[in-house]
Amino acid sequence: MTSLVSHDQAVDRQFGPRAAAYLSSAVHAQGADLDQLAGLAREHPGARVLDLGCGGGHVSFQVAPCVAQVVAYDLSQPMLDVVAAEAARRGLDNLATRRGKAERLPFADGEFDLVLCRYSTHHWQDPGQALREARRVLKPGGIAAFADVVSPGEPLLDTWLQMLEVLRDNSHVRNYAVAEWLRLLAEAGFVLRSCTPRRITLEFGSWVERMRTPAALVAALRHMLAIAPESVHRHYAIAQDGSFSSDTATLVVQRD
């Protein structure tokens, strides 16, 4: 009988062995959203920054040369070990790592000037609590930015997106629609500054290889992509090899 694991254990089990793959992932190491987050950091050269759900550390590496200090924060210790080693290799001595989950931040009230979060929110079990925590650790007037894949909002398209994501990665919780994001952010006490929509293309082979998705689930993903309804096929621009495009958004908010 398969032993049951908590969601936190599932996240750690999924990402710990794959830390190096996320460090080298081209999808994560570049992009207009990453440039936007780095631009925010350049506007605050004396800032203390929290990279919330740092993953392979690409936000931290981009912003560390621009600010006073960065704390790369993640649930996966192997991921943090990879980030710390790469920071040392790059000579980023103002970059520290800290382990924990988004819903329980081990930091004092008002400790950060900026909270930046990229491709992590879809793993949160309680997004409202995580956003309240992000607001708590920000100074009054501080800025937060959240960038991730978002649901198109339309029920059929949403169902297919969540299905594909969880078949690939069983630690996936949900990609929220922009309307859901706006509600969650407002309820957490943030004031919206901007929302920038984008699209990202995911090459199927590297997308499943990065997560080491089991062969049976890779086959299931290929089958589901092949039989997708016309509207799903069109919206996600599904290619013959299974590659597809998803909607993303970068939401920049401020603590009042």
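Let's start with Tyr176, which counts as buried at 10% relative accessibility (buried means under 20% relative accessible area, exposed over 50%, and partly exposed in between, with a 1.4 Å probe and protein chains only). This is a predicted model, so local features need pLDDT of at least 70 and side-chain atom pairs count only at pLDDT 80 or more, while totals for chains, interfaces and linings use all residues. Residues are numbered from 1 along each chain as its sequence is written, and side-chain values use heavy atoms, with hydrogens and water left out.

**Aromatic rings**

- A pair of aromatic rings is described by two things: the distance of the centres and the angle of the planes.
- Rings of Phe, Tyr and Trp (its six-membered ring) pair if their centres lie within 6.5 Å; planes under 30 degrees apart are stacked, over 60 edge-to-face, and the rest tilted.
- The structure holds eight aromatic pairs.
- Take Tyr176 and Trp181: their ring centres are 6.2 Å apart and their planes sit at 80 degrees, so this pair is edge-to-face.
- Trp181 counts as buried too, at 3% relative accessibility.
- Another pair is Trp207 with Phe244, with centres 5.1 Å apart and planes at 85 degrees, so it is edge-to-face.
- That pair links distant parts of the chain, 37 residues apart: Trp207 is in helix H10 (residues 204-211) and Phe244 is in strand S7 (residues 244-255).
- Helices (H or I, at least four residues) and strands (E, at least two) are DSSP runs, numbered from the N terminus.
- Trp207 counts as buried at 3% relative accessibility, and Phe244 is buried with a relative accessible area of 3%.
- Ring pairs also join Trp124, Phe146, Tyr176, Trp181 and Phe190 into a cluster.

**Leu225 and what it touches**

- You'll find Leu225 in helix H11 (residues 215-226), and it is buried, with a relative accessible area of 4%.
- If you skip residues up to four places away in sequence, Leu225 touches Leu164, Phe204, His233, Ile238, Gly242 and Phe244 (contact means heavy atoms within 4.5 Å).
- Leu225 and Gly242 are 17 residues apart along the chain, and their C-alpha atoms are separated by 6.4 Å.

**Ser120 in its loop**

- Ser120 lies in the loop between strand S4 (112-118) and helix H7 (127-136).
- Ser120 is buried, with a relative accessible area of 10%.
- Leaving out neighbours within four places in sequence, Ser120 is in contact with Leu52, Gly53 and Asp148.
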